[in-house]
Structures are given as structure tokens and as C-alpha cells.
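Subject: the structure you wanted to look at

Hi,

Here is the structure for you to open on your side. Have a look at it first, and then read on for what turned up when I went through it.

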Amino acid sequence: MRDFARTPEPPPTPVERHGPLTFTIQKHAARRLHYDFRLEIDGVLVSWPIPKGPSYDPQERRLAIQTEDHPYEYGTFEGVIPAAEYGGGQVIVWDAGTYTVIVNNTPVDFHDRRQIEKLARAGVDKGHLSVFLNGRKLKGGWTLQRTRGKDVKSQWLFLKRRDQLQGAHPDITAEDRSVLSGLTIRDLEQGALPEHRANQLAPTAEHASNAYRRALPRPY
Ligand code: MN
């Protein structure tokens, strides 16, 4: 168990949110580098550290180990956890965005928050969950498949689904900048810190120049 009295992270109190559900992947240079994949479910972040990080290759079976749920607010954290504390090391938000669950090869409408949460929770409980991620780096379907144990410390595989987005990037972890601050782990090691804490995980036009609102292009 994490000793919450000794770390800067509060225990997870569920938050109430609206709009599409979100996910985050925090790249964390702890004793061993890993990528913390976190899905917003019922107001907290259900979490799986993935030592090698995600892949667009459906043949890559990436190990994921479920850890304690984290507070929703933790999902935008970037900075340095003191070396003496649990998880000491640098953290950046490597990817973030919205997600839905895939049922019968079809993503549930992103706005059907209640239904998605219900299905996501059931999927975590039964050890099989397919999600459609709409991140900046990860787009498309991935499956989480539990292979051993239950709850904290259970082992899962994080697998790219075979959809039209497989193979979209040969090595996505080579894209090593934060999607929120643009910083890398190396930048943090050298003393840089984000200018401000991002307040949400869903994409915004905050940093885009000349951004304007228009209809989505029609898919072909
Ligand atoms: Mn971690």
C-alpha cells in the first residue's frame, strides 16, 4: 500500500465531471521507467503501469500491471517526485485525451458517459476491456486483457486492436514530449518545469495559434 501520509498525492476522492471520459498516460522515470496508463472511471483514474509503453503493432504484447486507483486530479501532474518518496523521479503527461469502450467492434458514443463507465467498470472487473482512445499520440482501439491475479498487482496485456489504425506509427514511444507542456523527461532532469499545470486532459485549442471552430470534415 502507498503511504499517503508521506507522499504529495491525496487518496482518490471521486470527482464529478461531465462530457466525454478521459485518459492519460504519464511517462514516469522512477527507479524503472514506465508509462502509467490511466482511465477515468467513476471519478477516479484506474491505473496500469506499462513498463515498455504502448505500441501500434498488434503483435506487441505489452505487459501492464494494475496499481491503485489515482485521484482524477493527478492525471495532469507533471514534475518531479522527490527521490525519497514513493515513485520518486520525473513525470510528464506523455499522452492524454478522451476515450470510449468498444462493444461488438463498435465504439460506444463518446457522449454516453454513463454507459461507457458502466461497461468500463464491468470490463475491469471481468479482466477484459477494449477501449477506443482519442489522444494526441494514441488513436484507435486497444485491448486490456487480464492474464493473472485480480485488482492491485494483477497482470494484464495491453494490445493494439486490428483496426484501420494499427501500424500508424512504427515506434510511438520515440515521440517523447509531453502533450501538455512540450517538455521531455530529460528537460525535467535538467531542471526545467512546466510553466503552469494544465487543468484538463481532453484536447483544447489552448496552444494552437489561429485556431477556429468549424465543422468536422466528413469521413470518406
Ligand atoms: Mn508510475
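Predicted model: local features only at pLDDT ≥ 70, side-chain atom pairs only at ≥ 80, totals over all residues.

D151 turns out to be partly exposed, since its relative accessible area is 45%. You'll find D151 in the loop between β10 and β11, and its phi is near 60°, a positive value in a residue other than glycine.

N104 sits in the loop between β7 and β8 (106-107). With 71% relative accessibility, N104 counts as exposed.

**The metal site**

Which residues coordinate the manganese ion? The donors are H28 through ND1, H34 through NE2 and D36 through OD, at 2.1 to 2.3 Å. Along the chain, these donor residues follow the spacing H-x5-H-x1-D.

H28 counts as buried because its relative accessibility is 7%, under the 20% cut-off. D36 is buried too, at 5% relative accessible area, and H34 counts as buried at 14%.

H34 is worth a click of its own. This histidine lies in strand β2, and its side chain reaches the backbone oxygen of R32 at 2.9 Å. The H34 side chain also makes a polar contact with the side chain of D36, at 3.1 Å. If you leave out residues up to four places away in sequence, H34 touches Q26, K27, H28, P49, I50 and P51.

**The strands**

Here is how some of the strands go together. β3 (residues 44-50) and β5 run antiparallel, joined by 3 bridges. S47 has T67 in β5 as its bridge partner. Strand β5 itself (residues 67-71) is mostly covered, with 4 of its 5 residues buried.

β7 pairs with β9 over 5 bridges, in the antiparallel sense, and there T98 has N134 in β9 as its bridge partner. β9 also pairs with β10, again antiparallel, over 7 bridges. Those two strands, β9 and β10, are connected as a hairpin through 3 residues. If you want a residue pair to centre on, H128 stands opposite Q145 in β10.

In soluble globular proteins, nonpolar side chains tend to be buried together. In this model the largest nonpolar core has 28 residues, and F37, L39, W48, Y99 and L133 touch the most other members. At least two residues of this core come from each of β1 (21-29), β2 (33-41), β3, β7 (89-103), α1 (113-126), β9 (128-135), β10 (139-148) and β11 (155-160). Which strand gives the most to this core? That would be β2, with 4 residues.

Another core lies apart from it, made of 7 residues, including Y72, A96, L180 and L201.

Neighbours within four places in sequence aside, L39 is in contact with T22, F23, V44, L45, V46, W48, Y99, L129, V131 and L144.

**The aromatics**

How many aromatic pairs does a search of the whole structure find? There are 9. One of them is F37 with F158, a tilted pair at 4.9 Å centre to centre and 45° between the planes. F37 lies in strand β2 and F158 in strand β11, so this pair ties together parts that are 121 residues apart in sequence. F37 and F158 are both buried.

Finally, if you select F23, F37, W48, Y56, W142, W156 and F158, you will have one aromatic cluster on screen.

Cheers

Key
Residues numbered from 1 in each chain as written. Heavy atoms only, no water. Donors = N, O, S within 2.8 Å, 3.2 Å for Na, K, Ca; no water. Buried < 20%, exposed > 50% of the residue type's maximum accessible area, 1.4 Å probe, protein only. Pairing = 2+ DSSP bridges. Core = buried A, V, L, I, M, F, W, Y, C linked by side-chain atoms within 4.5 Å. Contact = heavy atoms within 4.5 Å. Polar contact = N/O pair within 3.5 Å; in protein donor to acceptor, adjacent residues only side chain to side chain. Phe/Tyr/Trp six-rings, centres within 6.5 Å; stacked < 30°, edge-to-face > 60°.
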